[in-house]
Amino acid sequence: MPRFPFDKFPTALNTLSTQMKATGEVMSVGRSFEESFLKAIRSLEDGRNHIHLEKFDSAHMSVRELLEYIKEGTDDRLYAISQLMWLGVDASLICDITQIDMFFLDKIRKIVKLEKELEKNKGSLELLKEAKRNGFSDSYVAELWGQTTDEIYQLRLKENVFPVYKMIDTCSSEFESYVPYFYSTYAEENESIVSDKKKIIVLGSGPIRIGQGVEFDYSTVHAVKTIQKMGYEAIVINNNPETVSTDYTAADKLYFEPLTPEDVMNVVLLEKPVGVIATLGGQTAVNLAAALAERGVKIIGTDCAAIEKAENRDSFDCVIKSLGIPNPKGEAVTDIETGVRVAEEIGYPVLVRPSFVLGGRAMEIVANEKMLRRYLKTAVEVDVDKPVLIDKYLMGKEVEVDAVCDGKQVFLPGIMELVERTGVHSGDSTSVYPPFSLSEKVKNTIIEYTSKLGIGIGIVGLFNIQFIVDEQENVFVIEVNPRASRSVPFLSKSTGCPLVDIGVRAMLGESLEQQGITQTVLPDKKRWYVKAPAFSFAKLTGMDAYLSPEMKSTGEAIGYDKRLSRALYKAFQAAGIPMLKYGTVLVTVADEDKEETLPLVRRFRDIGFNIEATSRTADFLRENGIQARKLKNINEGSEEVLESIRSGHVSYIINTRAILSGVHYVNGEAMRRCAVENGVTTFTSLDTVRIVLDVLEELVNKVSTIDSDD
């Protein structure tokens, strides 16, 4: 089943067509279509545990509206069909409208019929068994019965209602074989042979989506190799068919299952492992740690107490205050009025985001009270269970580290400097190792803070920290991720240091000293490594291409060379950003950015580019001695800007919007969308423009402005 990014980009058009829009996929296996279908839905990790969506409930949409909605193929049409069947609409009518085969509609109808029976017969053990055979989750049965998920789990425990595991037959029954590749089903015979060896379960990261990609599969697979070397049986639970970890030869055993507390616990009860590693599968695995620990499962490495210290705002503030480490002022709020008061005390602009987010989900820079109220009302649900974090927005360089802590000592193989300053998600930034502009004082401070935080939080294994360095070289901690991060593969390949191997050994009790690691940090390499983001704006109609704290990239590429400019060139080219040496640059920037933009535009002019600009930007450039063709803006009732982009002579667009005032023009979004449709590269960060110019100047003039002659 495909995993779509529309939960992250609600403005993008969710109509499906011949243009692929999925960022990843899940695979589920069952004894019936119903079982496999419902397992796939809860594997998607989009907050759904069944074929039910609140937006289609009777309180929100009528039968007429639902019938109109299902005329087009959308990412969530199946949920609307399920609701129509719940309301008694005939399947043949749905078949006529959608042209979905009656085979599938009959299966959905059977699921809905069972839902209604469960709702009418609360507590029925026979119906519970029937529901489990058809793929229903404990959490959805709990909703229908008005109970908690744990109550359903305890009932299954008492009545011994658990799945068995069937082997996926890779030999088509032509001859007898045993392949350690299993799926759960509620039947009689169990085909998974449990060995006497000590076992460790590694949780995978589920479907690829923005914010959590194949980088975490890298960590999972390398962890399996280390676990096996250390004499344990390595068991993987994952559901993404695209990954190496779900190749049944990668681990000693593979369970193709949804990554939920229920499905993982079923495997744990069968295999009885020494423990579970939950810090290598991204936020998916980390979010399972607490639920598993509550049910008596040992979490290997960084435990739930340490995860809480890193991810809970109040706990984290206590830790960093006790360590004397500065961080941006901030507070977690649970209602709108408190949020407004906190933002006023901190001072605008502020950075707002839901707690426990993935890939900067719904993260935004807010410039005033009006914007904040709108955000808290529409972008997120804010209540006691879903606090929103409000932090002071600090402008400065962003720096990132991945490190390993064994509980007593910290090892930091390298520091990565992000090209784009704060305000652009680190996953969308260009990352450079070794750092190109940090002083020794700043580097030493980062090393000191990393060591203090690893030990102070209680990390055992891999962790990631993001820092801000301001103009006065003050270093602030933005956040600590108590897990492997998306930059682990990049830093491992850049430094030649097997970070996952070191981290897993530490998790399994082998100290850094026992591993022969006595230094805190490795010396910087004499070669430059660049990680550049890759975007899919052209695939998702209606999605704004402006870079912000909300992550938008769907992949990345690496480039390396002895010269930084060449490493940047290789990374950009590999990521699909063309390095054009000619043409026209279209400039339209916020008033607060005009002075900073001026020398960049001069540099474009000096290497032979023509300059075009929207009205106010063109006036500013002309006043400062740069000839620029003036184009009327879209909000002036003109299509000159769009026509210029469509004409094919524009090579690059430089477009920024105001952070301090929060003034965002709709015409900017229309221009960026037109650029995407016509394949024109748009830069929304001046820092990116600066390094692109460094590369172009070497291409045109054969002289590098950022590299020495050696």
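Residues are numbered from 1 along each chain as its sequence is written. As the model is predicted, local features need pLDDT of at least 70, side-chain atom pairs count only at pLDDT 80 or more, and totals for chains, interfaces and linings use all residues, while side-chain values use heavy atoms, with hydrogens and water left out.

Me: Why is the pair of Phe 103 and Phe 104 called edge-to-face?
Reply: Rings of Phe, Tyr and Trp (its six-membered ring) pair if their centres lie within 6.5 Å, and planes under 30 degrees apart are stacked, over 60 edge-to-face and the rest tilted. Here the centres are 5.1 Å apart and the planes stand at 90 degrees, so Phe 103 and Phe 104 are edge-to-face.

Me: And what makes the pair of Phe 136 and Tyr 140 tilted or stacked?
Reply: Their centres are 6.2 Å apart with 55 degrees between the planes, and that makes the pair tilted.

Me: How do you know whether Phe 136 is buried or exposed?
Reply: Buried means under 20% relative accessible area, exposed over 50%, and partly exposed in between (1.4 Å probe, protein chains only). Phe 136 has 1%, so Phe 136 is buried. Tyr 140 has 5%, so Tyr 140 is buried too. Phe 103, at 44%, counts as partly exposed, and so does Phe 104, at 38%.

Me: What makes Arg 295 count as lying over the face of Tyr 153?
Reply: The rule wants NZ of Lys or CZ of Arg within 6 Å of the ring centre and within 35 degrees of the ring normal. Arg 295 lies over the face, 3.9 Å from the ring centre of Tyr 153. Likewise, the charged end of Arg 657 sits over the ring of Tyr 546, 4.1 Å from its centre.

Me: Why is Cys 304 in no disulfide?
Reply: A disulfide is a pair of cysteine sulfur atoms within 2.5 Å. For Cys 304 the nearest cysteine sulfur, that of Cys 405, is 17 Å away. Cys 497 is in no disulfide either: its nearest cysteine sulfur, again that of Cys 405, is 15 Å away. The structure holds zero disulfides.

Me: Why do Cys 304 and Cys 497 get the labels they do for accessibility?
Reply: Cys 304 has 21% relative accessibility, so Cys 304 counts as partly exposed. Cys 497 has 8%, so Cys 497 counts as buried.
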